[in-house]
Amino acid sequence: MSTRIAFLKGHGTENDFVIVPDPENAIDLPPAAVAALCDRRAGIGGDGLLHVVRSAAHPEAESMAAEAEWFMDYRNGDGSIAEMCGNGVRVFARYLQRAGHVTEGDLAVATRGGVKTVHIAKDGDVTVGMGKAVLPDGDVTVSVGERSWPARNVNMGNPHAVAFVDDLTHAGDLHSPPPFSPAAAYPDGVNVEFVVDRAPGHVALRVHERGSGETRSCGTGACAVAVAAARRDGADPTVTGTPVTYTVDVPGGTLVITERPDGEIEMTGPAVIVAEGEIDADWLDAARSA
């Protein structure tokens, strides 16, 4: 009789994830298995996978164990590894709360993008300290069909190209990665955000996430967009000493992004666990070898 492996399903502004609790890092999750689990027809379905591991048990996180007990071993929907996922961190924190590992209040989560501070509020929203944005020099262009736009290069622990457009339909279907140049700007690929203005301090986006295609939301992308919008609007909190907040509409909901005078960026939004169950070990074994 085969053993079974627990999983949960959750989302943050409809950026959805398969959650696999594995405190001791005992479950082998090669890219093929992750892609199979995230398959929306043949698997559980998700934009990515949250592998929940104690930092001390994972070679990539053990150096962060003194600061954060838990490591978010995040994978894209195609099985590739990503440095960081902002919506994923909120859902990761919600899982830890549901499992009784943490309560309302503050906690730290280790990621490949560093240790992130998280606050679980009584109203249910989760705020994540996303770190500081890095704005590499150099011009970047993104294209869809015959249209091209200048884009702001913003790194939030993972790379983003932010393009301001007149209409979100100009982004096309976003099934394939939008071409960008120069190629040297993003040697490992890039998340591309197309952005329109809704009102002062209020924007909306569509995003192609590398390894996942178009998603309903991207937390690091929303942060990158807020920073790019602030610079476009002539606001830099590190210069003015005044925080800047943008409301960012994503297809799956709304996120609130604040950049503080010290350069730290905070993202606030919902995080929901919608289901839990078990993965058949025989199926997972077959997926590993596919």
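## Paired strands

Two strands count as paired if DSSP finds at least two bridges between them. Keep that rule in mind for this predicted model. Strand 12 covers residues 191-199, and strand 13 covers residues 202-209. Seven bridges join strand 12 to strand 13, and the two run antiparallel. Val 196 stands opposite Ala 204 in strand 13. The hairpin of strand 12 and strand 13 has two residues between the strands. In this hairpin, Gly 201 has a positive phi near 70°.

Strand 12 also pairs with strand 10, which covers residues 159-164. Here the sense is parallel, and the pairing has five bridges. Look for Phe 164, which stands opposite Val 195 in strand 12. As background, side chains in a regular strand alternate between the two faces of the sheet.

## The cavity

How many cavities of 30 Å³ or more does the structure hold? There is one. The largest cavity has a volume of about 70 Å³. Why use a probe to look for such spaces? Rolling a probe the size of a water molecule over the atoms shows where empty space is left.

Which residues line the largest cavity? They are Tyr 74, Asn 76, Ala 82, Met 84, Cys 85, Asn 158, Asn 191, Glu 209, Arg 210, Cys 218 and Thr 220. Five of the lining residues are nonpolar, four are polar and two are charged.

## The largest pocket

Now turn to the largest pocket. Its volume is about 180 Å³. The lining of the largest pocket has 13 residues. Nearest the centre lie Thr 117, Gly 129, Arg 260, Glu 264 and Glu 266.

Which strand gives the largest share of this lining? Strand 6 does, with five residues. Strand 6 (114-120), strand 7 (126-132) and strand 17 (264-269) each supply at least two lining residues. The lining of the largest pocket divides into three nonpolar, five polar and five charged residues.

## The loop between strands 3 and 4

Strand 3 covers 48-54, strand 4 covers 70-76, and His 58 is found in the loop between them. Is His 58 buried or exposed? Its relative accessibility is 7%, so His 58 counts as buried; the cut-off for buried is under 20%. His 58 touches Asn 25, Val 53, Phe 71, Asp 73 and Arg 112, leaving aside residues up to four places away in sequence. The side chain of His 58 also reaches the backbone nitrogen of Glu 60, at 3.1 Å.

Ala 56 is found in the loop between strand 3 and strand 4 as well. Ala 56 is exposed, because its relative accessible area is 56% and the cut-off for exposed is over 50%. Leaving aside residues up to four places away in sequence, Ala 56 touches Glu 62 and Ala 65. Ala 56 and Pro 150 are 94 residues apart along the chain, and 43 Å separates their C-alpha atoms.

## Backbone points to check

Thr 13 has a positive phi near 45°, in a residue other than glycine. Thr 13 is found in the loop between strand 1 (4-12) and strand 2 (15-21). Its relative accessible area is 3%, so Thr 13 is buried.

Asn 25 has a positive phi near 60°, again in a residue other than glycine. Asn 25 is found in the loop between strand 2 and helix 1 (31-38). At 26% relative accessibility, Asn 25 counts as partly exposed.

Which two residues does a cis peptide bond join? They are Ser 181 and Pro 182, with omega about -5°. Pro 182 lies in the loop between strand 11 (180-181) and strand 12.

## Helix 1 and its cover

Which residues of helix 1 are buried? Ala 33, Val 34, Ala 36, Leu 37 and Cys 38 are. An α-helix has 3.6 residues a turn, so residues three or four places apart point the same way.

What covers the buried residues of helix 1? The cover includes strand 2, strand 3, strand 4, strand 18 (272-280) and helix 5 (281-288).

Key: Residues numbered from 1 in each chain as written. Predicted model: local features only at pLDDT ≥ 70, side-chain atom pairs only at ≥ 80, totals over all residues. Heavy atoms only, no water. 1 Å grid on protein atoms, 1.4 Å probe; cavity = no way out; pocket = protein on both sides within 12 Å on 5 of 7 lines; lining within 4 Å. Points joined across faces, edges and corners; volume = space filled by probe spheres on them. Nonpolar A, V, L, I, M, F, W, Y, C, P; charged D, E, K, R; others polar. Helix = DSSP H or I, 4+ residues; strand = E, 2+ residues; numbered from the N terminus. Buried < 20%, exposed > 50% of the residue type's maximum accessible area, 1.4 Å probe, protein only. Polar contact = N/O pair within 3.5 Å; in protein donor to acceptor, adjacent residues only side chain to side chain. Contact = heavy atoms within 4.5 Å.
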